[in-house]
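Please look over this model before we talk. My notes are below, in numbered points.

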Amino acid sequence: MTATEAPSITQTSPDVPARPNAAATPALSIDSISHSYGTRRALIDVEFTVPPASFTALLGLNGAGKSTLFSLVTRLFGIQTGRIGIFGHDIGREPSEALRLLGVVFQPRTLDLDLSVMQNLLYHAALHGIGRREARQRADQVLTQIGLADRAGSKVRDLSGGQMRRLEIARALLHRPRLLLLDEATVGLDVKARADILSHVRQLVADEGIGVLWATHLFDEIMPGDNLVILHQGRVLARGEVAQVLGEAGAQDVNSAFMRLTGARPGIAAP
Amino acid sequence: MSSTTVNGRHRGFSLAEYTTCLNGIVWREALRFLHQRERFVSALVRPLVWLFIFAAGFRQVLGISIIPPYETYILYEVYIAPGLITMIQLFNGMQSSLSMVYDREMGNMRTLLVSPLPRWYLLFCKLLAGTAVSLLQVYAFLLIAWFWDITPPPLGYLTVLPALILSGLMLGALGMLISSGIKQLENFAGVMNFVIFPMFFASSALYPLWRVQEGSPMLYYVCQWNPFTHAVELIRFALYGQVNWISLAVVGGCTAAFMIGAIFAYDPSRGLARRGPAGGET
């Protein structure tokens, strides 16, 4: 599957409205977030936004705090200090409204391997209160679009790694969210599967207007037109459009900018 | 559970959405149960071994006097049947919590916890799903036990149902509470030893409390404070169309307490927040 062939998930109107002034509201706003595990500080005063219909890369080495941040945004962890908003809905005060607008692909696989592809999708739909008939229609639709229609009855454990990731992305979009979080979604995949998934997600941004936060430690997944947030040892070192970040760092490419900002050795985050 | 209106926008969830969510969770639990046939078999074999072997051997040793709800002398097998039913539910509750620890380690639990429906409701649905599975096991056991001359009144099979649901919820909630405090699957074996065996043996499941009192007054008080004892007695009385009000109160209270504890422990700002990310994540 190339970028032009990347399937698109048709997003009709979202199931839940955003705030009335949604056009001016960031898809995701992270305000002064700090988080500690005991005495170890995982995030320190993290602050950035993800605009709607944009691709924002969250770049950081292993241990930078990306997964902790995702756990906070998805309300798996409670917020210790700061505020997180999804289209203006505070995740702490209005979790239901915020989570309805959010789709997530976690770093570890979260599919039930013993259930079929279709059963996994129907289970997810049920957790969002989507009725059986509607859920089946949406599932058929997304399975066709990701090229897995003929595998609907297959056990998930029989799928390849790339197919599982595509299924997870399709599942995350089943309830028609407006913000999609992907945490190291291409880890463990071969080069082609990585490219397919990345182009698929970029297509979603372009076609459906979904805001995407893409956490990665791989420089080659970042394109010049993206927004970029560099997270290192729990702190945001730079944020803005890629060109802006490069300019501020006085670097020619993302790799060099990252090395200058973090002091990391060259090639440390190569795929 | 009703919807509300905030900032001029329709909010909340409809009854249909709550019901869909409950159906989905129960359906998934049932599918998993069907896929794990050996779990069903082992859940039945365990009490049947106690019934066919242990009870047969102890029948002559342990005489049972006439105690409520029984109106005449009974076989030892008849006496321990409610205890074995509750044992099925205890194991099922712990098995469910084991699967929650497994799901959390494998990441599946996140699918549940990032649902927009209230977390207390999601956990309650999970609890109901586990209880529904335990009911299947219990009625399968009762069917086999019927051929072993354990024949409560026909209406007893119906009147025991509410007691089974309540005790299933209590033991499931206890398992859920325990699972919230376990970081790794390997730690669960210790819990089995420290929870299941003491709860089962220090109860009225295998011998009436007056017998225990004769042997050890201290153990008698432990048995009386053990909620498992009251689950057994609730089921024993319900099987004969009667209500043991004290047991009902204890089981009801413990269900509420364990459930509140589990919800508290799975609250992101409390229990789960204290843990670090899963292995390999940052």
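The points below go from the chains to their contact, then to domains, helices and the core.

1. Start with what kind of model this is. The structure is predicted. Keep that in mind at every point.

2. Chain A comes next. Eight helices and 10 strands make up its list of elements. The chain has 271 residues, and 50% of them are buried. Now take the contacts in chain A with a separation of 6 or more. Residues 24 or more positions apart account for 70% of these.

3. Chain B has another make-up. Here there are 11 helices and two strands. Read from the N terminus, the order is β-β-α-α-α-α-α-α-α-α-α-α-α. Of the 282 residues in chain B, 44% are buried. Among contacts with a separation of 6 or more, 75% in chain B join residues 24 or more positions apart.

4. Chain A is assigned two domains. Domain 1 covers 25-101 + 177-262, and domain 2 covers 111-176. Their centres, taken over C-alpha atoms, are 25 Å apart. The contact between them uses 10 residues of domain 1 and nine residues of domain 2. Helix α6 (residues 191-208) of chain A gives the most to the domain 1 side, with five residues. By class, that side of domain 1 has seven nonpolar, two polar and one charged residues.

5. Stay with α6 of chain A for one residue. A195(A) is found in this helix. Is A195(A) buried or partly exposed? A195(A) counts as partly exposed, because it has 19 C-beta neighbours inside 10 Å. A buried residue needs 20 or more. Now find E221(A). A195(A) and E221(A) are 26 residues apart in sequence, and their C-alpha atoms are 8.5 Å apart in space.

6. Helix α4 (residues 132-145) of chain A deserves a longer look. Its 14 residues reach 20 Å from the first C-alpha to the last, close to the 20 Å expected at 1.5 Å a residue. Which residues of α4(A) are buried? They are A135(A), R138(A), A139(A), V142(A) and L143(A). These residues cover an arc of only 130° around the axis, so they sit on the same side of α4(A). The spacing fits a general rule. An α-helix has 3.6 residues a turn, so residues three or four places apart point the same way. On the other side of α4(A), R133(A) and E134(A) are exposed.

7. What covers the buried residues of α4(A)? The cover includes α3 (117-127) and α5 (161-173) of chain A. After α4(A) comes G147(A), with a positive phi near 75°.

8. Compare helix α10 (residues 227-238) of chain B. Its end C-alpha atoms are 16 Å apart, which agrees with the 16 Å that 12 residues should span at 1.5 Å a residue. Here 12 of the 12 residues are buried, so α10(B) is largely enclosed by the rest of the structure. The buried residues include H230(B), E233(B) and R236(B). Among the others are F228(B), V232(B), L234(B) and F237(B).

9. Last, the largest nonpolar core. It has 156 residues, and L179(A), I230(A), M170(B), A173(B) and I235(B) touch the most other members. Helix α3 (residues 76-106) of chain B supplies the largest share of this core, 15 residues. The core also draws at least three residues from each of domain 1 and domain 2 of chain A. Look at L179(A) in detail. Not counting residues up to four places away in sequence, L179(A) touches A27(A), L28(A), V50(A), I86(A), L101(A), L102(A), I210(A) and G211(A).

Methods
Residues are numbered from 1 along each chain as its sequence is written. Chains are lettered from A and ligands numbered from 1 in the order in which they are written. This is a predicted model: local features need pLDDT of at least 70, side-chain atom pairs count only at pLDDT 80 or more; totals for chains, interfaces and linings use all residues. Helices (H or I, at least four residues) and strands (E, at least two) are DSSP runs, numbered from the N terminus. Two residues are in contact if their C-beta atoms, placed from the backbone, lie within 7 Å. Domain bounds come from an automatic or database domain assignment. Ala, Val, Leu, Ile, Met, Phe, Trp, Tyr, Cys and Pro count as nonpolar, Asp, Glu, Lys and Arg as charged, and the others, Gly among them, as polar. The expected span of a helix is 1.5 Å times one less than its number of residues. The arc is that of the directions from the helix axis to the C-beta atoms. A nonpolar core is a set of buried Ala, Val, Leu, Ile, Met, Phe, Trp, Tyr and Cys residues joined through C-beta atoms within 7 Å.
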